[in-house]
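Colleague: I would like to learn how to read the features of this model one by one, with the general idea before the particular case. Could we begin with how helices are assigned?

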Amino acid sequence: MKLWVFVLILLLTTFGVNGDNRNQHGAEIEDNEFAEFEDFDEDVVELASEGDLPDKEEPQEVADDFQDLDEEDEDAVVETEEDEFESLDPDEFEGLPGDDTIWENENKKTKKQKKSSEPELKIADVPLHLRSWDKYYIEFLMGAGLLVYVVNFFIGRAKNNSIASTWLKSHVDHLNKQFELVGDDPSNKKAASTHQFVKESEHLYTLWCSGRTCCEGMLVELKLLKRQDLISVISDRLKPAVDQVVITTTLTSMDPFVFCVGTKKSVANLHKNMQDVNSFCVEKSRGGEKYGLSSKLFVLSELFGELPNAILDNAVRKVLNENEGVFDSLLISDQFSGPLLTDQQEPTAKFPEAEKIISLTLNIPSENKERKIPNLLNLLKMALYLTDKVKKHRLSRENKMKTDKHRQEAMLKLMKQTHAQRQEAAQLKKEEKARALKDKMMNEEDPEKQRRMDEQIHRRELNKKNKKMMKGRQFKVKAM
Amino acid sequence: MEEASSSNHVEEEVITNRHKNYTVNRYKPKAEEATTSDDPVPDYMNLLAMIFSMCGLMLKIKWCAWCAVFCSLISFANSRSSEDGRQVLSSFMLSISAVVMTYLQNPAPMTPPW
């Protein structure tokens with residue numbers, strides 16, 4: 001408020017003292033703008049000169065007033081011409097450099113005061129990673145996850161190891177009685193029984209047994225769950241899976257047939273995925289109750305009739321019924337060649353190599369493994385019993401003719417499928433021969449021999465052309 | 001008496017026993033192609049580990065480096081004994097180096113995307 005009053009007084013005094021029309025920027029101001037002030041001043045002078053008596057007192061009063069004013073405003077500054085422009089509206093020049101208005105002066109003063117009063121603080125530059133460990137919670141979580149995975153790896157590996165050793169302990173004695181070689185390490189030069197599994201991976205163990213009549217050998221595969229992999233453990237919890245034992249006996253000889261029995265799911269799986277079952281077991285599967293088995297089991301065979309009854313005799317039926325919860329599938333085939341070729345894989349020109357096998361798949365119970373694994377021995381004995389039985393079994397003449405016919409049809413089908421491939425192979429062979437002959441002719445030093453070979457090649461090409469023309473004419477005649 | 005066959009090959013040594021009328025055949029492991037088609041997980045995880053390691057090193061992405069470590073561990077856990085252990089080990093070391101390099105270049109903690 002005091003500031004405003006001070007400014008007003010300044011304004012008044014400057015306009016009173018200076019009658020100039022110039023402003024700070026040198027712009028001309030018209031006389032009319034200040035006409036009021038000039039007239040007022042003249043009127044004041046005239047009024048003062050008109051009346052003496054009464055005016056004598058008034059000028060004195062006026063003079064006194066002015067003296068009073070002067071006394072009151074001792075601090076008032078009489079602005080000179082230089083300050084005249086500064087007294088103009090400061091808002092016009094606010095913020096501009098060289099703005100020496102009162103407000104800016106005040107601000108500058110306060111800023112300086114503040115700077116001088118605030119002490120200079122130096123904050124030490126502490127590296128980010130030393131400031132607080134709380135922010136690294138994601139890293140700690142990652143590390144914890146890794147630790148959990150590693151711990152699970154060791155626990156899972158140990159568990160799988162114990163299952164394999166439990167199976168081996170309960171079965172090795174019987175295997176030693178049946179086979180000469182029990183457990184073979186391929187890295188060894190000599191064939192020596194190791195009586196140990198070969199560890200293919202942390203969840204896959206194999207045992208090879210050989211040296212027995214009626215079979216070339218027997219491969220026992222323990223296909224366990226991937227307990228060493230945490231992600232597999234979690235997925236197994238979501239989608240239950242079981243440990244499996246696959247006993248595959250390779251026979252020396254057997255009559256030609258394909259037969260399988262198992263749970264509905266496993267039989268369907270075999271039919272879908274196995275080359276031999278898919279090709280030869282054309283008829284629909286039949287319920288196990290027809291053959292004295294549980295209703296949960298199904299029979300799929302190339303020949304229905306006497307064959308299933310011959311294979312599933314009393315002994316086999318007894319063992320299968322006693323171990324219903326553990327038994328998964330049994331496949332007997334003389335044309336086993338592995339899984340069915342997918343669409344991406346092209347069929348080869350050659351007929352796939354077929355093996356005569358008996359494959360028994362068992363599910364290891366998930367609970368009380370140590371108690372229930374020794375019970376699987378009966379099923380191993382059944383597998384060896386079937387080996388001897390199938391080797392000695394002879395199909396009737398009729399059945400044998402049927403199976404031979406099936407195999408011939410399968411061969412023809414494969415030949416048709418691979419016809420294009422074989423044609424291409426034959427064409428390539430011919431071209432190779434011709435190229436070899438030409439190279440031989442070119443490399444021949446003797447000009448006479450060279451001429452004769454050239455004639456020979458030319459004659460062959462002519463004969464080929466003639467043959468093609470003759471064939472073409474024959475087709476035309478036939479068409480007509 | 002046992003007799004060695006005429007072939008005498010290390011992998012297919014056949015010992016014939018005339019008295020007992022059987023042959024002792026050596027174990028023939030499955031071909032590598034068959035085993036890889038059975039379980040392709042270790043190969044895919046190995047490849048993923050390499051890719052994540054490269055991304056972590058080149059692009060300085062921390063979560064890529066951590067994923068590489070996990071992938072190499074999974075590949076190791078599922079690997080077969082017949083496979084070369086050096087490849088798995090080199091993949092693991094590469095992933096560890098990716099983690100170390102990303103944190104050396106930028107020690108700031110990882111921030112979640114939310």
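Modeller: Helices (H or I, at least four residues) and strands (E, at least two) are DSSP runs, numbered from the N terminus. By that rule B:M45 belongs to helix α2 of chain B, which covers residues 41–59. Please keep in mind that this is a predicted model, in which local features need pLDDT of at least 70 and side-chain atom pairs count only at pLDDT 80 or more, whereas totals for chains, interfaces and linings use all residues. Residues are numbered from 1 along each chain as its sequence is written, chains are lettered from A and ligands numbered from 1 in the order in which they are written, and side-chain values use heavy atoms, with hydrogens and water left out.

Colleague: Which residues does B:M45 touch, not counting those up to four places away in sequence?

Modeller: Contact means heavy atoms within 4.5 Å, and on that basis B:M45 touches B:C71, B:I74 and B:S75, with residues up to four places away in sequence not counted. Between B:M45 and B:C71 the C-alpha to C-alpha distance is 5.3 Å, although 26 residues separate them in sequence.

Colleague: Is B:Q105 buried, partly exposed or exposed, and why?

Modeller: Buried means under 20% relative accessible area, exposed over 50%, and partly exposed in between (1.4 Å probe, protein chains only). B:Q105, which is found in helix α4 (residues 85–105) of chain B, is partly exposed because its relative accessible area is 43%. Its C-alpha atom is separated by 8.0 Å from that of B:K60, 45 residues away along the chain.

Colleague: How is the area between chain A and chain B to be read, and what is its value?

Modeller: The size of an interface is often given as the accessible area lost when the parts come together. Buried area is that loss (1.4 Å probe) summed over both parts; between chain A and chain B the value is about 3,100 Å², with carbon and sulfur atoms giving 61% of it. In terms of contacts, 41 residues of chain A meet 36 residues of chain B.

Colleague: How many salt bridges does the rule find across the interface of chain A and chain B?

Modeller: A salt bridge is a side-chain nitrogen of Lys or Arg within 4 Å of a carboxyl oxygen of Asp or Glu, and the rule finds two across this interface. One of them joins A:D184 to B:R26, whose closest N and O atoms are 2.8 Å apart. On the side of chain A that touches chain B, α6 (137–178), β2 (198–201), β3 (204–210) and β4 (215–223) each supply at least two residues, and α6(A) gives the most, with 10 residues.

Note on methods:
Buried area = accessible area lost by both parts, 1.4 Å probe.
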